[in-house]
Amino acid sequence: MNAPRANFSYPTAIRFGAGRIAELGEACAAAGIKRPLLVTDRGLAALPVTTRALEIMEAAGLGRAVFAEVNANPTGANLDAGLRVYREGGHDGVVAFGGGSALDLGKAVAFMAGQDRPVWDFEDIGDWWTRAKPEGIAPNVAVPTTAGTGSEVGRASVLTNEEALEKKIIFHPKILPAVVIADPELTVGMPRMITAGTGMDAFAHCLEAYCSPHFHPMSQGIALEGMRLVKTALPRAVAEPTDILARADMMAAAMMGAVAFQKGLGAIHAISHPVGAHHHTHHGMTNAAVMGAVLAFNRPAVEAKIEAAAAYLGIGGGFHGFAAFVDGLISGIGLPIGLTALGVKDPDLDRLAADALRDPSCGGNPVPLTTDNMRPLIESCL
């Protein structure tokens, strides 16, 4: 059976299917980009998948300019360096190429290309996004090479403010890529642990969106189906990296999770963000490490919802069965459960709790998060 191949809109134009990377030149043309800067991360820059993308750009008359100074958790300093390269090269758009870090940084470079305020002035707070000059935002084309964050269909970038040691969500509607090339073949070469970690990020997005108390029935349905796709596809993608159907399902689930979390995220992400900022852990693996503890914490508010989800997913045992499934999924793909097993040593629990309470993800948690319950919750995640 062949993997699906289709064009559809989010509203961003998505070219989904194996081999679609060959259309990178056409995607740039559709976005109005003639002199793109390809933004990727250090680890991906020298790999054949990136070389091929640059060759496709060059053959299309777009040059082969690349910026790869992107950390695993991209920073304001990475952004400043990327903007220097973008401006000095006279570029008019960005190809954001890679996993969530590269996509977030690439989108931020395009967004900040013509701004005259610090990026932190555009944090996702109230109407801060209206401070941006729309004419100063360059177009971007997103090409994910992992299946997890869904950043390719997101209107935000997550950057670490190194001075504050805090992850900040930078938001503007025009950060959304003009075109997405979602080619599951690009994910085949991911290391096993990255496949697993990014896949659990997609699952966390769907689970938290599904449990969020906010009203958004469309996101609710997308989140539920996204969980089903991860349940069936992620173990296969980890065990059989060349299973292109599993890879395609995971790429779809990643986008679905990012669409669904318009409904809200919760304590998984509120904790994961400061842990990542302070301890430099992989975001998806951190989500997985705290997922079981957060699910237990939220049980009083979500038990009926989780029982309904379990029934849809074909999991017996109601809430207990679902919780056992989550633990089994995480351990079955080789990821650690708990922050200690993840390698978080001697955490400053008071600082993590304070930072988590400031994270915008808090607002979507089904059990209200407070100064009284956040620190004990993080302790239970250890």
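Start with overall dimensions. The radius of gyration of the protein chain is 20 Å, and that agrees with the compact-globule expectation, because 382 residues would give a value near 21 Å. Please keep in mind that this is a predicted model. Along the principal axes, the C-alpha trace covers about 55 × 50 × 35 Å.

Of the 382 residues in the protein chain, 58% are buried. If we take the contacts with a separation of 6 or more, 75% of them join residues 24 or more positions apart. The accessible surface is about 14,500 Å², and carbon and sulfur atoms account for 56% of that. On charge, the chain has 30 positive and 38 negative charges, and their mean positions lie 4 Å apart.

Now the secondary structure. The chain holds 14 helices and nine strands. Seven strands make up an open sheet with mixed pairing, and the order across it is 1-2-9-6-5-3-4. Which strands are at the edges? They are strand 1, residues 6-9, and strand 4, residues 66-67, and each of these pairs on one side only.

Strand 1 runs antiparallel to strand 2, residues 13-16, and the two are paired over four bridges. Phe8, in turn, is opposite Ile14 of strand 2.

Last item, backbone angles. Most residues other than glycine have a negative phi.

One is Leu165, with a positive phi near 55°. Leu165 sits in the loop that runs between strand 7, residues 156-161, and strand 8, residues 166-171. Is Leu165 partly exposed or buried? Its relative accessibility is 33%, so Leu165 counts as partly exposed; the buried class would need a value under 20%.

The other is His280, which is not a glycine either and has a positive phi of about 60°. His280 belongs to the loop between helix 9, residues 267-279, and helix 10, residues 283-313. Its relative accessible area is 63%, so His280 is classed as exposed, the cut-off being over 50%.

To put the two together: Leu165 is in a loop between two strands, and His280 is in a loop between two helices. That is all I have on this one.

Key
Residues are numbered from 1 along each chain as its sequence is written. This is a predicted model: local features need pLDDT of at least 70, side-chain atom pairs count only at pLDDT 80 or more; totals for chains, interfaces and linings use all residues. Side-chain values use heavy atoms; hydrogens and water are left out. The radius of gyration is taken over C-alpha atoms; the globule rule is 2.2 Å times the number of residues to the power 0.38. Buried means under 20% relative accessible area, exposed over 50%, partly exposed in between (1.4 Å probe, protein chains only). Contact means heavy atoms within 4.5 Å. Accessible areas come from the Shrake-Rupley method with a 1.4 Å probe; for residues, only the protein chains shown count as cover. Lys and Arg count as positive and Asp and Glu as negative; His and the chain ends are not counted. The place of a charge is taken as NZ of Lys, CZ of Arg, CG of Asp or CD of Glu. Two strands pair if DSSP finds at least two bridges between them.
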